[in-house]
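User: I would like to go through this structure with you, contact by contact. Could you begin with the terms you will be using?

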Amino acid sequence: QVQLVESGGGLVQPGGSQRLSCAASGSTFSSNGMGWYRQAPGNQRELVAAISRSGRTKYADSVKGRFTISRDNAKNTVYLQMNSLKPEDTAVYYCNAGSLLLSGPYYPSDYWGQGTQVTVSS
């Protein structure tokens, strides 16, 4: 079993920055990659960024150059640093424990955090 708890969401102005955190616990954490998804009203959940155990990363085209995913193995925590935020980044952000394949795709697991709301508005 894996438990994921997100934090760090809130209200931020366009152009601002925000960092999300996802604390993970459970026996499968060390064998899985991690990913951040988001879901806006009326949209399906989409992959934002993912990171493997070795540090390989994957980003959605819409956030490349603005968002950075990282992880702290000692704290079993994954982060999403979000810079130059836009109103279209507004969504509920979810942490996922999955696998980032060497060939590129990220395979999510059924382990999700509860979600944290990010609202970008002036």
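Analyst: Contact here means heavy atoms within 4.5 Å. This is a predicted model, in which local features need pLDDT of at least 70 and side-chain atom pairs count only at pLDDT 80 or more, while totals for chains, interfaces and linings use all residues. Residues are numbered from 1 along each chain as its sequence is written, and side-chain values use heavy atoms, with hydrogens and water left out.

User: Which residues does V92 touch?

Analyst: Leaving aside residues up to four places away in sequence, V92 touches Y37, R38, Q39, G115, T116 and Q117. V92 itself lies in strand β9, residues 91–100. Strands are DSSP runs (E, at least two residues), numbered from the N terminus.

User: How accessible is V92?

Analyst: V92 has a relative accessible area of 22% and is therefore partly exposed. The terms are set as follows: buried is under 20% relative accessible area, exposed is over 50%, and partly exposed is in between (1.4 Å probe, protein chains only).

User: What is the geometry of Y37 and W112?

Analyst: Y37 and W112 are edge-to-face, at 5.0 Å centre to centre and 75° between the planes. W112 lies in the loop between β10 and β11 (116–120), so its pair with Y37 in strand β4 ties together parts 75 residues apart in sequence. Y37, Y106 and W112 form one aromatic cluster.

User: Which rings does R45 lie over?

Analyst: R45 lies over the face of Y94, at 3.7 Å from the ring centre, and over the face of W112, at 4.7 Å. The criterion is NZ of Lys or CZ of Arg within 6 Å of the ring centre and within 35 degrees of the ring normal.

User: Changing topic: how many disulfides does the structure hold?

Analyst: The structure holds 1 disulfide, a disulfide being a pair of cysteine sulfur atoms within 2.5 Å. C22 is joined to C95, S to S 2.1 Å. The torsion about their S-S bond is about -85°, so the disulfide is left-handed. The pair links distant parts of the chain, with C22 in strand β3 (residues 18–26) and C95 in strand β9, 73 residues apart. Both C22 and C95 are buried.

User: And how many salt bridges?

Analyst: There are 4 salt bridges, each a side-chain nitrogen of Lys or Arg within 4 Å of a carboxyl oxygen of Asp or Glu. Among them, R38 meets E46 at 3.0 Å, N to O. K64 pairs with D61 at 2.9 Å between the closest N and O atoms, and both K64 and D61 are exposed.

User: What about D89 and R66?

Analyst: D89 forms a salt bridge with R66, with the closest N and O atoms 2.7 Å apart. D89 is buried, with a relative accessible area of 0%, and R66 counts as buried at 10%. Salt bridges that share partners join R38, E46, R66 and D89 into one network.

How values were computed: Rings of Phe, Tyr and Trp (its six-membered ring) pair if their centres lie within 6.5 Å; planes under 30 degrees apart count as stacked, over 60 as edge-to-face and the rest as tilted. Helices (H or I, at least four residues) and strands (E, at least two) are DSSP runs, numbered from the N terminus.
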